[in-house]
Amino acid sequence: MWGGERALRKKPLDPLKAISTRMKAAVGSVVRNIFGISSLRKRIVVLLTAGFLACSILMTAVSYNAITTMQENKIKTSMDFDLYQQSLKLTQIYYNLLQVTQQMTPQGNVGNLLETYFSTNDLYNRFQISLSISNNIGMISFSNPAMELVMYYNPDDQQPVYSNLPLREGFTLQSLANVAGNESIHYQPPHLSLCRFSDDQVVSVTREITFSDGTKQVIYVEAKTDIATDMSKLASSSNLPYVLILSDQDGAVTYSSNPRVFPGGRSLTLSGSSGITGGYIWDQMANDYGYYVTLLLPVESYNREFYTWKNHMLVILGIALIILLSIALLLLRLINRPLRVFESEMVALGRGHMGAMKYRTGISEFDKLFDQFNTMKQQIQQLIIDVEQKEKRRHQLEIEKLAYQINPHFLMNALYSVRWLAVMHQQADIDKFVNSLIYLLNYNLGKSQEAATLRTEIKVMRAYLDLQQMRYDFEVKLDITEGSYLDGPVAQFILQPIVENAVCHGLDEHGQLDVCIRPDESARMITIVIRDDGKGLSEETLALLQPAAPGQQQMGRGIGLRYVRSMLETFYGDSARLQIDSTPKLGTTVTMYLPY
């Protein structure tokens, strides 16, 4: 009872296991069908492709995160450094200009001399003081090579009181924009020098002063700046097209290194020290003199490093793909190439090639397979040789049968000719006739010692025509091109049967037989044309004379032609060809094409 209960409890689990097994088999079959892993080559391709894709995705993800972090830090650091450098240069220039203006105030050396100049009416003293002012300004310029124009400017009549260099025509200090300043000191952003002979870009400082006599003057000093050159060098060397902007405390742009992007006078309100605006990444710094220096970089230039990294990744992936292809080719060479060689040998075997395979892979499994395949080919080749020998013996028996049929037939015709010659003429020409007949019989029965050449065949054909012309009144025209080809070996007894058919069955009384033999050197063929102008053949008779015509042997027609075809096939194989053309009442033409 207890055993029966345990058996009953286990039985419900068996169908579940069977269903699970069938599902696993079905899933495995679907996977094999999807990925085509029934083929060894496809398995290799699938595995290599999956491994390559997995490695590529992992490498791309890791590289992207690393390059993104490095790139952001790199460009941020570079922008901060370049912005600091330009701000520091401007601060240094403005500081130097302020030092010069300090010396030009009434409390300074140059300003004290100018106050004395204003308070003196003596012309000579004024001249001496003017020289001293020039010398002191010269010393200031010498100590600061970037210094260019230095002058005192009267704001009332808007004319220079003193200037170390000639001024541009039509200038006014009011036309210069201020980037920062207070009630008495103003800082101008980079602009064109006010000197008539200079095209340099300068920054300047103006300072309003009042002498002891109440005279008001404006001090103007300018120094050369290399901001534009620095921006060009950064754009060419780092491939970062920066745009440098100077703006006042209200956000108004007073200078832009690229006016086409950010023209002067435009409002640029930025909050914070960095950010993105209008397709540009910016970094901003407040200067000690109360203005803002902003450095902008196009987003596309900012991302150029990412594009470069992307190209590098593509190159790396391409190299990895080349390595993958190399490994695949190596595997194909080790595994797939022997299989393809074996497949090509199978195709060659189907086409009749029985040569032994000498290919060696160095893999014992493939080499054993090739050895067994060579053994199989040898066995098949031996079987084919046996079949060919049997077929040749059968074919030779058929030829001998035809020869036995032809020889008595020819002998009967020749004897009839002898009978009629003896009855009609009763002359000594019978001796010549009989001698020719004996020659023909010896050659046709194989008792002659002469080799079967085309020249011999022509000689036998002429002997036969001589015999027939003694009996029948017909004309023979021979057109034979002389050459060495006539001495080449040919199939025996191939001309006389065709000529005999033409004389006995084709020619009428007083007819004409044309025989033309010519070689074709370019095609390496011999063309033999035998033409008569007799009664010709009907379409039905011509059809019976074609190769393997049904009922041909049963009707007993075309024995000579069958013999000739058999000899040509035996001697030349498929290289020779025999063609019959005939028109009733116009004659018959037999053409043979023989290789040589």
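A contact here means heavy atoms within 4.5 Å. By that rule, residues 24 or more positions apart account for 59% of the contacts in the chain with a separation of 6 or more.

The model is predicted; local features need pLDDT of at least 70, side-chain atom pairs count only at pLDDT 80 or more, and totals for chains, interfaces and linings use all residues. Residues are numbered from 1 along each chain as its sequence is written, and side-chain values use heavy atoms, with hydrogens and water left out.

**Overview and confidence**

The chain has 15 helices and 16 strands. Helices (H or I, at least four residues) and strands (E, at least two) are DSSP runs, numbered from the N terminus. Of the 596 residues, 36% count as buried. Buried means under 20% relative accessible area, exposed means over 50%, and partly exposed lies in between (1.4 Å probe, protein chains only).

pLDDT is the predictor's confidence in each residue, from 0 to 100. Its mean over the chain is 79, and 82% of the residues reach 70 or more. Among the elements, helix α1 (residues 2–10) has the lowest mean pLDDT, 37. Strand β14 (residues 525–532) has the highest, 95. Over residues 1–16 the pLDDT stays under 50, and the model has 0 contacts beyond four places in sequence for them. Residues 550–556 also have pLDDT below 50. That stretch has 10 contacts in the model beyond near neighbours in sequence.

**Around Asp 230**

Asp 230 lies in helix α6 (residues 227–237). Its relative accessibility is 13%, so Asp 230 counts as buried. Leaving out residues up to four places away in sequence, Asp 230 touches Gln 86 and Lys 89. Each of these also makes a polar contact with Asp 230, side chain to side chain: Gln 86 at 3.4 Å and Lys 89 at 2.8 Å. A polar contact is a pair of N or O atoms within 3.5 Å; within protein, one must be able to donate a hydrogen and the other to accept it, and residues adjacent in sequence count only if both atoms are side-chain atoms.

**A hairpin**

Strands β9 (residues 274–277) and β10 (residues 280–286) run antiparallel, joined by 4 bridges. Two strands pair if DSSP finds at least two bridges between them. Ser 274 has Asp 283 in β10 as its bridge partner. The two strands form a hairpin with 2 residues between them. In the turn, Gly 278 has a positive phi of about 55°.

**Aromatic rings**

The structure holds 9 aromatic pairs. The table gives two of them.

| Pair | Centre to centre | Angle between planes | Type |
|---|---|---|---|
| Tyr 187 and Tyr 289 | 4.9 Å | 45° | tilted |
| Phe 571 and Tyr 572 | 4.8 Å | 75° | edge-to-face |

Rings of Phe, Tyr and Trp (its six-membered ring) pair if their centres lie within 6.5 Å; planes under 30 degrees apart count as stacked, over 60 as edge-to-face and the rest as tilted.

The tyrosine pair links distant parts of the chain, 102 residues apart. Tyr 187 is in strand β4 (residues 185–192), and Tyr 289 is in the loop between β10 and β11 (292–298). Both Tyr 187 and Tyr 289 are buried. With Tyr 94 and Tyr 291, they form one aromatic cluster.

In the other pair, Phe 571 is partly exposed at 42% relative accessible area. Tyr 572 is buried at 13%.
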